[in-house]
Amino acid sequence: MPQSFDEGLACPVIPVIDLLDGRAVRAVRGRRSEYQPLESVLVKGSDPVDLAKSLHERCGFEEIYVADLDALQEAEPQFDVLRRIAELPIRSLLDLGVGRPEQVERARRELARTDACFVIATEASPDIETFRDCLAAFDSPQGVALCLDYLRGRFRTKGTYEGRRLKREASPDEWMSAAHAAEIGAVIALDLDQVGSDRGFAWPQGLEESPNFRGFRRKISGGGIRSREDLLAARAAGCDAILVGSALHDGRIAPSSAT
């Protein structure tokens, strides 16, 4: 039987949809070339719009996280699918690889009639100066969240992924300070090696000790969640919401409305 979670006891859950070539796929420890079409107990097939509808209408979720893996790998963003999801009566956190001001402006135009919140991830941002320019393109801090990306415990930016040598790599604290200066209230911390790993909840090492990190109104993490016990551990560690993919789609954990 799936383990249900109680919002009063466990950490609020944000379901994850990883989007690749128009389909929802299953994460495999951040190795995106190995992702396969999702098989979920919540809906037949791997249509991401159907999945998002089911998460809201059947399971009662009010928020969803969507990662456009095509865009994150520098292909064309899947705006048609993203728009159809963002038009649903469920709040959307969209990670679509925006890391430059012109990408932000295009995404805002394409999704102008939605209330989507755009995730600006360090893996998509060349440097902290460009990140600041991206933040300046938003009319309201409610429309954006910072995502701090790690891989096997090491902080990652687009520059480090591309192997570029910057004069000085800004620290996670500097990225968080820039977000605070723009009054961004939400931060997401992800170690991509945790995604799809079934290793349980864990903040990236040292992050929770940072005053800058603790200063965010909403702290979100994800990756490796297996059970309700992991949700309890996340709550105890100060996590305000947790991203969950595989354990929901497998039926290992479920909201009480779906049990």
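Author: Let me begin with C239, which counts as buried because its relative accessibility is 2%, under the 20% limit. Please keep in mind throughout that this is a predicted model.

Reader: And what about C134, buried or exposed?

Author: C134 counts as buried, at a relative accessibility of 0%.

Reader: How many disulfides turn up in the whole structure?

Author: A search of the whole structure finds zero disulfides, a disulfide being a covalent bond between the sulfur atoms of two cysteines.

Reader: OK, switching to rings. How many aromatic pairs are there?

Author: The search of the whole structure gives six aromatic pairs. One of them joins F155 and W175, whose ring centres lie 6.4 Å apart with their planes at 70°, so the pair is classed as edge-to-face.

Reader: Where do those two sit in the chain?

Author: F155 belongs to strand β9, residues 154-156, while W175 belongs to helix α7, residues 172-181, so that the pair links distant parts of the chain, 20 residues apart.

Reader: What are the relative accessibilities of F155 and W175?

Author: F155 has a relative accessible area of 15% and is buried, and W175, at 1% relative accessibility, also counts as buried.

Reader: Can you give me another pair, with its geometry?

Author: F201 and W203 form an aromatic pair with 5.4 Å from centre to centre and 75° between the planes, which makes it edge-to-face because that angle is over 60 degrees. As for cover, F201 counts as buried at 17% relative accessibility, and W203 is buried with a relative accessible area of 9%.

Reader: Let's zoom out. How many helices and strands does the chain have, and how much of it is buried?

Author: The chain has 10 helices and 13 strands, and 55% of its 259 residues count as buried.

Reader: Last one: what is the accessible surface of the chain, and what share belongs to carbon and sulfur?

Author: The accessible surface comes to about 11800 Å², and carbon and sulfur atoms account for 44% of that area.

Note on methods. Residues numbered from 1 in each chain as written. Predicted model: local features only at pLDDT ≥ 70, side-chain atom pairs only at ≥ 80, totals over all residues. Heavy atoms only, no water. Helix = DSSP H or I, 4+ residues; strand = E, 2+ residues; numbered from the N terminus. Buried < 20%, exposed > 50% of the residue type's maximum accessible area, 1.4 Å probe, protein only. Areas by Shrake-Rupley, 256 points an atom, 1.4 Å probe, with all protein chains shown as cover. Disulfide = S-S within 2.5 Å. Phe/Tyr/Trp six-rings, centres within 6.5 Å; stacked < 30°, edge-to-face > 60°.
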